[in-house]
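Me: I've got a structure here that I'd like to talk through. Could you walk me through it, one question at a time?

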Amino acid sequence: MTNTPEQPETQEPAAGQSENVPYMRKIRSFVLREGRLTKGQQNALDNHWPAFGLAYQSTPLNLTEVFGRAAPVVLEIGFGMGKSLVTMAQHAPDKNFIGIEVHKPGVGACLGDAAAAGLGNLRLFEHDAVEVLNDTIADSSLSTVQLFFPDPWHKKRHHKRRIVQHDFVQLLRQKLQIGGVFHMATDWQNYAEHMLEVMQTAEGFANLSATGNYVERPEHRPLTKFEQRGQRLGHGVWDLMFERIS
């Protein structure tokens, strides 16, 4: 892995990319720890990637052609092992789902579960989410962006690595439709406060919380085993939902 710069940088937009969205070559929000693939995960990658996989490209995809239909598109960044993403796609067959993940074991696990469920409304990228959003996702093409339990980078000196930053939020704004929603969840209170601070000052967004801060977990976001364990231990989880209004 190459060294990354200490501060965000911008460069000229790629072909087909909106000129008013800076192309961010920024500090990575993830560390690529390539875990060992199980036999099942490798088999899923070998057998099911052609049906579910999407390749990063420098020009926007036509998502109606990708899915063979026009439907609201939900994009999830960092789906982990993909259990909740597959569950959401199963429970909302009227929507199209795209997951982005950099860790190959998680991609393999998600592919296996998606194939077992016979899903036709789910596609996956194995690539850096910022690059996919900048180049491969068309402007105003998403109804929802989901970011659930991203790396909190809890040490203060690492806060610059948190993915929720002003430039990133404006990139999402460009990709969301008017009325589209950016939905975040974290189990780190400090990161929740950071997310709220960034979003409250983000141009073009309105908080969907009736209390001006956080929302109750909506039914469409599955409660994970991790969350259930945390609840038993008294740990908090914070959901934030912001609508693109301009």
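Me: Which residues does Arg-173 touch, not counting residues up to four places away in sequence?
Reply: Quick heads-up: this is a predicted model. Arg-173 sits in helix α6, residues 166–175. Leaving out anything up to four places away in sequence, the residues Arg-173 touches are Glu-203, Gly-204, Phe-205, Arg-244 and Ser-246.

Me: Is Arg-173 buried or exposed?
Reply: The cut-off for buried is under 20% relative accessible area. Arg-173 comes in at 15% relative accessibility, so Arg-173 counts as buried.

Me: Zooming out, what share of the residues in the protein chain is buried?
Reply: The chain has eight helices and 10 strands. Among its contacts with a separation of 6 or more, 78% are between residues 24 or more positions apart. Out of 246 residues, the buried share is 48%.

Me: How do α1 and α4 lie relative to each other?
Reply: Helix α1 covers residues 39–52 and helix α4 covers residues 104–117; their axes come within 8 Å and cross at roughly 65°. Angles of 65 to 115 degrees count as roughly perpendicular. The two helices, α1 and α4, are therefore roughly perpendicular to each other.

Me: Which residues of α4 make the contact with α1?
Reply: α1 passes α4 in a left-handed crossing. From α1, the contact uses Gln-41, Ala-44, Leu-45, His-48, Trp-49 and Phe-52. From α4, the residues are Lys-104, Pro-105, Val-107, Gly-108, Ala-109, Leu-111, Gly-112, Ala-114 and Ala-115.

Me: How many residues of that α1 and α4 contact are nonpolar?
Reply: Sort the contact residues by class and you get one charged and four polar. The nonpolar ones number 10.

Me: What about α3 and α4, how are they oriented to each other?
Reply: The axes of α3 and α4 come within 9 Å, crossing at roughly 25°. Angles under 35 degrees count as roughly parallel. That makes α3 and α4 roughly parallel to each other.

Me: Which residues in α4 meet α3?
Reply: α3 passes α4 in a right-handed crossing. On the α3 side you have Lys-83, Leu-85, Val-86 and Gln-90. By class, the contact holds five nonpolar, one polar and two charged residues. The residues they meet in α4 are Cys-110, Asp-113, Ala-114 and Ala-117.

Me: What do the buried residues of α3 pack against?
Reply: Helix α3 spans residues 83–91, and its buried residues are Ser-84, Leu-85, Val-86, Met-88 and Ala-89. These pack against β4 (73–77), β5 (96–100), α4, β6 (122–125) and β7 (142–148).

Me: Let's look at strand β4. Is Val-73 buried or exposed?
Reply: Val-73 is in strand β4. Buried means under 20% relative accessible area. With 3% relative accessibility, Val-73 counts as buried.

Me: What is Val-73 in contact with beyond its neighbours within four places in sequence?
Reply: The C-alpha atoms of Val-73 and Leu-122 are separated by 9.8 Å, with the two residues 49 apart along the chain. Skipping neighbours within four places in sequence, the contacts of Val-73 are Leu-63, Asn-96, Ile-98, Ser-141, Leu-142, Ser-143 and Thr-144.

Me: Where is Ser-140?
Reply: Ser-140 has a positive phi, near 55°, in a residue other than glycine. With a relative accessible area of 40%, Ser-140 is partly exposed. Its place is in the loop between α5 (129–136) and β7.

Me: Last one: what is the phi of Phe-149?
Reply: Phe-149 is in the loop between β7 and α6. At 24% relative accessibility, Phe-149 counts as partly exposed. Although it is not a glycine, Phe-149 has a positive phi, of about 55°.

Note on methods:
Residues are numbered from 1 along each chain as its sequence is written. This is a predicted model: local features need pLDDT of at least 70, side-chain atom pairs count only at pLDDT 80 or more; totals for chains, interfaces and linings use all residues. Side-chain values use heavy atoms; hydrogens and water are left out. Axes are lines fitted to C-alpha atoms, for helices over the stretch in contact, and angles run from 0 to 180 degrees between N-to-C directions. Helices (H or I, at least four residues) and strands (E, at least two) are DSSP runs, numbered from the N terminus. Angles under 35 degrees count as roughly parallel, over 145 as roughly antiparallel, 65 to 115 as roughly perpendicular and the rest as oblique. A crossing is left-handed if the near helix is turned anticlockwise from the far one by less than a right angle, and right-handed if clockwise. Contact means heavy atoms within 4.5 Å. Ala, Val, Leu, Ile, Met, Phe, Trp, Tyr, Cys and Pro count as nonpolar, Asp, Glu, Lys and Arg as charged, and the others, Gly among them, as polar. Buried means under 20% relative accessible area, exposed over 50%, partly exposed in between (1.4 Å probe, protein chains only).
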